[in-house]
Amino acid sequence: MKTKIMGILNVTPDSFADGGLYTNEEAAIKHAKQMIQEGADIIDVGGESTRPGAEKITEEQELKRVLPIIKALKDEITISIDSYKPAVAKACIEAGADMINDITGLTNPDMIEVAAKNNTPVIIMHMQGTPETMQQHPEYTDVIKEIKQFLQQQINQAKKAGINNLILDPGIGFGKSVEHNLTILNHLEEFKELKYPILIGTSRKSLIGQLTNAETKDRLPGTIAANTIAIQKGASIIRVHDVKEAKQAAQIAEAIQNG
Ligand code: 7PJ
């Protein structure tokens, strides 16, 4: 199956990998258009950084950042809204967003209601803990089993509410040590048993930095390696900053799989 490329568009002044680059509306739209031209299938628009220690913002602030971008792009590409706030997701869907990217994995019943009412596809991501504390002591007895259990439970909740269009994401870096992340990626095919498409986000993450000592801006080669293996092991969507490079890697991975 053809891998989809999700281009990351952070409209935040403090995201760790590209923080501050695209706060200006015009620059954000320009960057999105470039990603579309490079072959992005989805643009993931986020207005609040979830990195540890990032400043929390109000729904109004978040909407002020993301709504103009969604309105400008809605006729050009599939848009996901990267927000765990039901009110933000609702307003973004009304403005033209096509999908909810929920890093809290539909644990908020209000988010289930928003998705159900609007018949909106949802990315269910797994996270252990909260963004503030998740990297302090990530702990699992069996990381694959526990994440699968969480995802299955959230699938059941979603289905009960009538939401069937789901994408699953084990949440690389969200309450996981390097070893946990590596176990997830090496055993990614096990998540296929849940029978939904799998999304993976490794782009420029600290996993890559810890294994290579590369600074955030120099993590593209490691990101490509991780994404290529994720595709080989069953990822259907990869969430990336560098669309052109990710697309080329995906084309080669798919060609080899079909070889
Ligand atoms: C992810 C995300 C991810 C999904 C972020 C970053 C941190 N959403 N939002 N999956 N990561 N679904 O981009 O490094 O891995 S924010």
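Predicted model: local features only at pLDDT ≥ 70, side-chain atom pairs only at ≥ 80, totals over all residues.
Biologist: How far apart are the end C-alpha atoms of helix H1, and what span should its residues give?
Modeller: Helix H1 covers residues 25-37, which is 13 residues. At 1.5 Å a residue, H1 should span 18 Å. The distance in the model agrees with this, the end C-alpha atoms being 18 Å apart.

Biologist: Which residue caps the N-terminal end of H1?
Modeller: The backbone nitrogen of Glu26 has a side-chain oxygen 3.0 Å from it. That oxygen belongs to the capping residue, Asn24.

Biologist: Within what arc do the buried residues of H1 fall, seen down its axis?
Modeller: The buried residues of H1 are Ala28, Ile29, His31, Ala32, Met35 and Ile36. Seen down the axis of H1, they line one face of the helix, because they fall within an arc of 160°.

Biologist: Which exposed residues does H1 carry on the face turned away from its buried side?
Modeller: An α-helix has 3.6 residues a turn, so residues three or four places apart point the same way. The buried residues of H1 pack against strand S1 (4-10), strand S2 (42-46), helix H2 (59-73) and helix H9 (243-257). The face turned away from the buried side of H1 carries the exposed residues Glu26, Lys30 and Gln37.

Biologist: Which residue pairs with Lys33 in a salt bridge?
Modeller: Lys33 has a relative accessibility of 38%, so it counts as partly exposed. The N to O distance of the salt bridge is 3.5 Å. The pair links distant parts of the chain, 43 residues apart, from Lys33 in helix H1 to a residue in the loop between H2 and strand S3 (78-82), namely Glu76.

Biologist: How many residues apart are Glu94 and Lys90, which form a salt bridge?
Modeller: The closest N and O atoms of Glu94 and Lys90 are 3.2 Å apart. Glu94 is exposed, with a relative accessible area of 55%, whereas Lys90 is partly exposed at 40%. Both residues lie in helix H3 (residues 86-95), and their separation is about one turn of the helix, 4 residues.

Biologist: Are Asp242 and Arg204 buried or exposed?
Modeller: The side chains of Asp242 and Arg204 meet in a salt bridge with an N to O distance of 3.1 Å. Asp242 lies in the loop between strand S8 (237-240) and H9, and Arg204 in the loop between strand S7 (199-200) and helix H7 (206-212), so the pair ties together parts that are 38 residues apart in sequence. Buried means under 20% relative accessible area. Both Asp242 and Arg204 are buried.

Biologist: Which element gives the largest share of the largest nonpolar core?
Modeller: The largest nonpolar core has 34 residues. Among the elements that give two or more residues to this core are H3, helix H4 (109-118), helix H5 (143-160) and helix H6 (178-186). The largest share is 7 residues, and this comes from H5.

Biologist: Which residues have the most contacts inside the largest nonpolar core?
Modeller: Leaving out residues up to four places away in sequence, Phe191 touches Ile144, Ile147, Lys148, Leu151, Pro170, Ile184 and Ile198. A second, separate core of 32 residues includes Ile43, Leu63, Val243 and Ala253. In the largest core, the residues with the most contacts inside it are Leu166 and Phe191.

Methods: Residues numbered from 1 in each chain as written. Heavy atoms only, no water. Expected span 1.5 Å × (residues − 1). Buried < 20%, exposed > 50% of the residue type's maximum accessible area, 1.4 Å probe, protein only. Arc of directions from axis to C-beta. Contact = heavy atoms within 4.5 Å. Polar contact = N/O pair within 3.5 Å; in protein donor to acceptor, adjacent residues only side chain to side chain. Salt bridge = Lys/Arg side-chain N within 4 Å of Asp/Glu carboxyl O. Core = buried A, V, L, I, M, F, W, Y, C linked by side-chain atoms within 4.5 Å.
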